Amino acid sequence: MIPATIATAVAPETIAKVTRLFNNTAFDVICELLQNARRAGATGVALALNGAGAEHFLHITDDGHGIADPVSIVTLGRSGWSDETRRAEDPAGMGVFSLAGRDVIIRSFSKPDRQGWMAHIPASAWETSRPIAIEPDPIMRGTAITVRVPDEWLKTLERDVARAAKHYPVPVTWNGAVLPQEDWLKDAVHVEEWYGVRIGVFQKHPSHYSSRDGRLNFHGLTIPCDLPYVQEVDRGGHWIARVDIFDAPQIQLVLPARKEVVENTGIAALRDAVRLAIYRAIEAAGTHRLSAHDWREARSLGIALPEAEPYLFAWTAYAADSSRNYKSGARLTDTGMVLMPDFDALIGQPAQAAIAKHNPFGGPLVEAQDAFKGYGWYDILARVEDMRFRVTQGDRTFIVSNSREAPAEAENGWVEAITLEATMSHAGAFIEVSTDADVAFAPDQWSCNSVDETSVFVRRGSEITALGVADILESAIFYASDDSDADSYDTQLERFQADAAERIIGLLEGDDAALENRIRDKLAGHYFLVPEDRTVTVVINRDRLDVTITPRAVPAAPKAAAEDA
């Protein structure tokens with residue numbers, strides 16, 4: 001029999017805190033009420049907003065089996081759901097309490113009593129035990145809830161409803177219009193079922209993947225979850241998973257808000273199932289670029305994947321400025337490939353210039369990817385273990401590298417010879433190779449943070465220009481400071497380029513050439529100041545600055561071809 005009155009029934013100290021059980025955002029409230037409608041067997045849910053001025057009301061109506069006992073809606077922890085629903089979903093009897101602190105009218109049909117009823121719960125009634133009157137209502141099916149909408153909801157309400165409905169398994173309308181819905185596992189490359197869940201595997205580019213993205217879909221409520229993923233080596237993407245929960249009591253969500261998963265044996269088993277599903281998806285793909293570690297793990301789980309595709313990318317020396325290090329090398333499959341590790345830019349950049357003229361390594365250089373160690377095709381490749389430059393200046397010879405400075409008596413600038421020397425390993429043996437080089441750099445007192453703190457050596461007789469050396473130096477040592485008080489990237493780069501050009505020209509061509517370059521640099525871009533019919537002569541020394549402007553004969557424009565005819 002439907003009671004005449006109801007009242008909230010929890011401990012007094014809990015009643016005083018009931019408005020803090022939920023976040024009280026529109027999205028959280030809508031999600032909770034949609035879940036209640038689904039559990040009640042609704043085949044559709046309609047939401048509508050009406051009102052004007054300061055009064056707005058949100059109406060949520062479903063065609064489910066209704067609420068048999070009005071007492072259950074205000075009794076914290078009493079759900080009133082069937083045994084089957086309690087087994088599958090662990091409802092906590094808190095859904096309506098998402099409305100705590102709101103002015104709410106609830107109308108519902110009680111099947112056992114074959115009667116509709118209505119309750120008006122004022123905002124102040126949620127944190128007291130005051131009686132709430134129950135009145136008869138003509139409603140014949142389902143449940144209808146009306147809640148007074150606070151101003152802060154209005155800005156996002158339509159968007160919140162659409163978001164809550166997107167992966168919800170029951171059709172939803174907003175102000176009469178059907179909202180778009182989408183399968184949680186849309187675009188999955190592989191889907192399999194496991195103990196009441198669907199596991200979908202996706203291939204994602206690393207930049208499109210975030211651990212904060214939703215991973216679990218609980219009947220439309222999507223939450224993040226730490227699930228296994230597999231990342232392919234070098235330019236490969238991520239293999240990730242999403243899980244659609246439909247009947248998995250072993251996967252429990254933290255109450256009351258259900259925004260995170262409970263860490264238990266159920267979620268641990270799900271993670272194992274996800275990892276297997278990912279490897280099965282990779283197996284179905286036929287080829288992969290997994291690390292040897294992941295490849296061995298798959299085999300230990302009974303999934304016999306082939307080795308990763310046997311190709312590597314052509315080597316390009318790293319620049320000191322990481323923003324310039326983009327992958328552009330071609331794929332190579334030559335069995336004579338030589339692995340090149342990530343050498344410091346201070347040695348890698350001048351070495352690259354030398355190797356471009358003559359490759360002493362006997363095969364194409366490729367980027368080393370040691371995650372592939374353990375694959376037969378990778379382990380047989382030769383590898384560059386070390387590189388350094390041997391410099392001859394006068395009757396003195398010394399070695400420099402990114403970690404080895406020049407001797408104190410060495411002079412920057414021209415030298416008689418530079419040789420790039422390298423140690424290779426192959427099939428357990430070590431081989432020394434070498435080639436001529438035009439340029440070598442070395443740190444000055446173990447530092448190379450600026451143009452003046454780097455030793456520069458250029459082979460006499462080489463065809464490289466001073467500005468060519470400056471370009472290599474830029475790639476070898478320039479990186480922009482990201483300190484808050486630093487100038488912009490462009491300003492830092494322009495200053496570096498000017499300093500590098502001045503120093504290198506001074507070393508190779510003399511102080512006069514460096515001065516000329518500096519003046520040209522200062523005046524460059526200002527030609528537009530001089531009229532076409534004038535010539536400006538500037539004389540500068542420490543005592544004076546003279547500017548002379550003289551007429552300039554401008555050649556007459558050629559006559560048109562038609563006039564010549």
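**Nine-stranded sheet.** I began with an open sheet of nine strands, ordered β1-β6-β5-β4-β7-β3-β2-β8-β9, and its pairing is mixed. I note that the model is a predicted one. Next I looked up the edges. They are β1 (5-6) and β9 (177-178). Each has a single partner strand, so one side of each has no neighbour in the sheet.

Strand β2 (residues 45-52) and β8 pair in the parallel sense, over three bridges. In that pair, L47 stands opposite W174 of β8.

Which strands does helix α2 touch? I found that α2 (residues 26-39) packs on the sheet and touches β2, β3 (55-62), β7 (143-148) and β8. The direction of α2 makes about 140 degrees with that of β2. Helix α5 lies across β2, β3 and β8. It runs at about 170 degrees to β8.

**H167.** I followed the chain out of α5 (157-165). H167 lies in the loop between α5 and β8 (172-174). Is H167 buried or exposed? Its relative accessible area is 12%, under the 20% cut-off, so I put H167 down as buried. The side chain of H167 reaches the backbone oxygen of E182 at 2.9 Å. Leaving out residues up to four places away in sequence, H167 touches E182, D183, W184, N217, H219, G220 and T222.

Strand β12 (residues 214-218) runs antiparallel to β13, and four bridges join them. N217, a contact of H167, stands opposite T222 in β13. The two strands form a hairpin with two residues between them. In the turn, H219 has a positive phi of about 55 degrees.

I also compared the faces of β13 (residues 221-224). L221 and I223 make up the covered face. T222 and P224 make up the uncovered one. Side chains in a regular strand alternate between the two faces of the sheet.

**Three-stranded sheet.** I moved on to an open sheet with the order β22-β26-β25 and mixed pairing. Its edge strands are β22 (413-415) and β25 (439-443), each pairing on one side only. The twist averages 35 degrees from one strand to the next. β22 pairs with strand β26 (residues 454-459) in the parallel sense, over three bridges. There the bridge partner of W414 is V458 in β26.

Which helices pack here? α10 packs on the sheet, touching β25 and β26, and its direction makes about 40 degrees with that of β25. α11 lies across β22 and β26, at about 45 degrees to β26.

How do α10 and α11 meet? The axes of α10 (residues 466-477) and α11 (residues 489-509) come within 9 Å and cross at roughly 135 degrees. I therefore count the two helices as oblique to each other. Their crossing is right-handed. The contact includes L467, A470 and L473 of α10, with F496, A500 and I504 among the residues of α11.

Last, I looked up α8 (residues 345-357). The axes of α8 and α10 come within 7 Å and cross at roughly 145 degrees. This crossing is right-handed. From α8, A345, L346, Q349, P350 and A353 meet I472, S475, A476 and I477 of α10.

Notes: Residues are numbered from 1 along each chain as its sequence is written. This is a predicted model: local features need pLDDT of at least 70, side-chain atom pairs count only at pLDDT 80 or more; totals for chains, interfaces and linings use all residues. Side-chain values use heavy atoms; hydrogens and water are left out. Buried means under 20% relative accessible area, exposed over 50%, partly exposed in between (1.4 Å probe, protein chains only). A polar contact is a pair of N or O atoms within 3.5 Å; within protein, one must be able to donate a hydrogen and the other to accept it, and residues adjacent in sequence count only if both atoms are side-chain atoms. Contact means heavy atoms within 4.5 Å. Two strands pair if DSSP finds at least two bridges between them. Axes are lines fitted to C-alpha atoms, for helices over the stretch in contact, and angles run from 0 to 180 degrees between N-to-C directions. Angles under 35 degrees count as roughly parallel, over 145 as roughly antiparallel, 65 to 115 as roughly perpendicular and the rest as oblique. A crossing is left-handed if the near helix is turned anticlockwise from the far one by less than a right angle, and right-handed if clockwise.
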